[in-house]
Amino acid sequence: MNSIILLSVLGLGNLFLGFRRSNRLLLPVMMLILGLVLTVNFIDWNEGAQPFFNGMLTIDNFSVAFTGIVLLTALVLVPFSQKYVLDGEANLAEYYSLLLFSLVGAIMLVSYNHLLMLFLGIEILSVAMYVLAGSDKRNLRSNEAALKYFLMGAFFTGILLFGMALVYGATGTFVLSEISFAVQNPAPGFESLKPMLYIGMLLMFIGMGFKVSAAPFHFWTPDVYEGTPTFFAAFMSTVVKTAGFAAFLKLLVQAFPAANAQGIWLPTLTAMCVLTLLIGNVGAVAQTSIKRMLAYSSISHAGYLLIALVAYNGQLEGASANGILFYSLAYSVATVAAFGVVKLVADARQREDYDGLNGLAKTNPLLAFSLTVSMLSLAGIPLTGGFFGKFFVFSAAVENGYIGLVVFAVVMSMVSIYYYLRPIISMYMRDTDAETAEAVPVTTFQAGALLLLAALTVLLGVLPGLVAGAL
């Protein structure tokens, strides 16, 4: 709760810094705010469940751990916004405040215990993203991305709300534990309400599937990521996905555990998982834009995280939760580094295709090394965090008997190696041309962030026990 209060108050205070003639103070203040909130967040570790707002929000180890991931992700991402400072971006204070407010929504998503708080968290997070997706007002692609994201987001929010209404109509409550109790201990006449409950669950899964870019509700992702400014696309790809999957897991474990035993939502999630893995990986193979490839990569990683949801063992602190926690951290660190390099290269060379990376190993060895480490981690190569992320998720699935699903996921992982190696080939095996001969400008601040991200990726691959089993 301290994190929510600090982010809300300091986000409002940050707006007043926008009245200064110079915006050079904004970046260090933003880093200071995120560092402070990240530190304060872990004060609640091992303090037990702390309910707020009559139990509508609960701060426990689960929420503290996932809050830590989203705050750390934002902290290591902020250095890549330095170009906005150097260019004198007039609206930078507003952009930073919107990011802080969106983090409030993300924390609500990982801490909710009431469906209304789930809805509020999604809306606080989403509304900020709608605005930031269209922040490059002179760019038609950014305008298109904002419009698509807003219209589709509003549509799927309506589906999610309708599902909540049907679940409430069948159970008479919005509280997750009470929904579970009503399903497991049916009152007289509940049999006639089961169709309403099942349809409500399905609609809620559709709404949540849209938020985490799961197929077949993924179709907005490539266009929105491509049109959104790269800095905000990185935030969307990491923070939103981490918070969304934590919320999805809480919904399944705390509200609908009995429904899984009856085989109601399991086939739906399994189908979504297989379709997401297939579309994400096959779609990424065909891309020529690295931003669109990262968008399809984001879809494919949603498929791997769905495996953990399918294989959950009925506990919020079990193997699935730990798998999602570790995978989210490893994925976020690697994705921030990838988007960071893409942004730096695109700003300098005005290109977002693979050829824009040609010869980067000669002109900017640090950028090439950082992008290589992130690509290898996303592909799940050993000695990177991505390898153990997939290992923990696959292990949870195998323990629960989903061997066929794991085999399919491994095949899709083999497919992903093709498109993750393409940027590496361009950087190390292709020669520069007139457009790529110049070195990409990188500040010391950004170079330090890239080195930190690469070190974190390798550290998670060498010492996974630092995070694994935290829940």
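Here is a list of stops, beginning with a few ground rules.

This is a predicted model, in which residues are numbered from 1 along each chain as its sequence is written, and side-chain values use heavy atoms, with hydrogens and water left out. Local features need pLDDT of at least 70 and side-chain atom pairs count only at pLDDT 80 or more, while totals for chains, interfaces and linings use all residues. Helices (H or I, at least four residues) and strands (E, at least two) are DSSP runs, numbered from the N terminus.

**Stop one: Tyr96 and its helix**

Select Tyr96, in helix H5 (residues 92-111). Is Tyr96 buried or exposed? Tyr96 is buried, with a relative accessible area of 1%; buried means under 20%, exposed over 50%, and partly exposed in between (1.4 Å probe, protein chains only). Contact means heavy atoms within 4.5 Å. Setting aside neighbours within four places in sequence, Tyr96 is in contact with Asn14, Leu26, Leu27, Met30, Val78, Ser81 and Val85.

Axes here are lines fitted to C-alpha atoms, for helices over the stretch in contact, and angles run from 0 to 180 degrees between N-to-C directions. Angles under 35 degrees count as roughly parallel, over 145 as roughly antiparallel, 65 to 115 as roughly perpendicular and the rest as oblique. Among the H2 residues that meet H5 are Met30 and Ile33, and Tyr96 is one of those on the H5 side. The contact of H2 with H5 has 11 nonpolar residues, no polar and no charged. For these classes, Ala, Val, Leu, Ile, Met, Phe, Trp, Tyr, Cys and Pro count as nonpolar, Asp, Glu, Lys and Arg as charged, and the others, Gly among them, as polar.

**Stop two: H13 against H14**

Pick helix H13 (residues 266-285) and helix H14 (residues 290-310): their axes are 8 Å apart, at an angle of about 155°. H13 and H14 are therefore roughly antiparallel to each other. The residues where they touch divide into 16 nonpolar, 7 polar and no charged.

From the H14 side, click Ile307, which meets H13. Leaving out neighbours within four places in sequence, its contacts include Cys273, Leu277, Val393 and Phe394.

**Stop three: H6 beside H9**

Next, show helix H6 (residues 115-133) and helix H9 (residues 194-211), whose axes come within 12 Å and cross at roughly 30°. That makes H6 roughly parallel to H9. Which residues meet here? Leu115, Leu118, Ile122, Ser126 and Tyr130 in H6 meet Met204, Met208 and Lys211 in H9. By class, that is 6 nonpolar, 1 polar and 1 charged.

**Stop four: the loops**

Follow the chain past H9 to Pro216, in the loop between H9 and helix H10 (221-227). The peptide bond from Ala215 to Pro216 is cis, with omega near 0°.

Then jump to Phe53, in the loop between strand S1 (50-52) and strand S2 (57-59). Phi of Phe53 is near 55°, a positive value in a residue other than glycine. Phe53 is partly exposed, at 46% relative accessible area.

Finish at Leu383, in the loop between helix H17 (365-379) and helix H18 (385-399). Its phi is also positive, near 70°, and Leu383 is exposed, with a relative accessible area of 57%.
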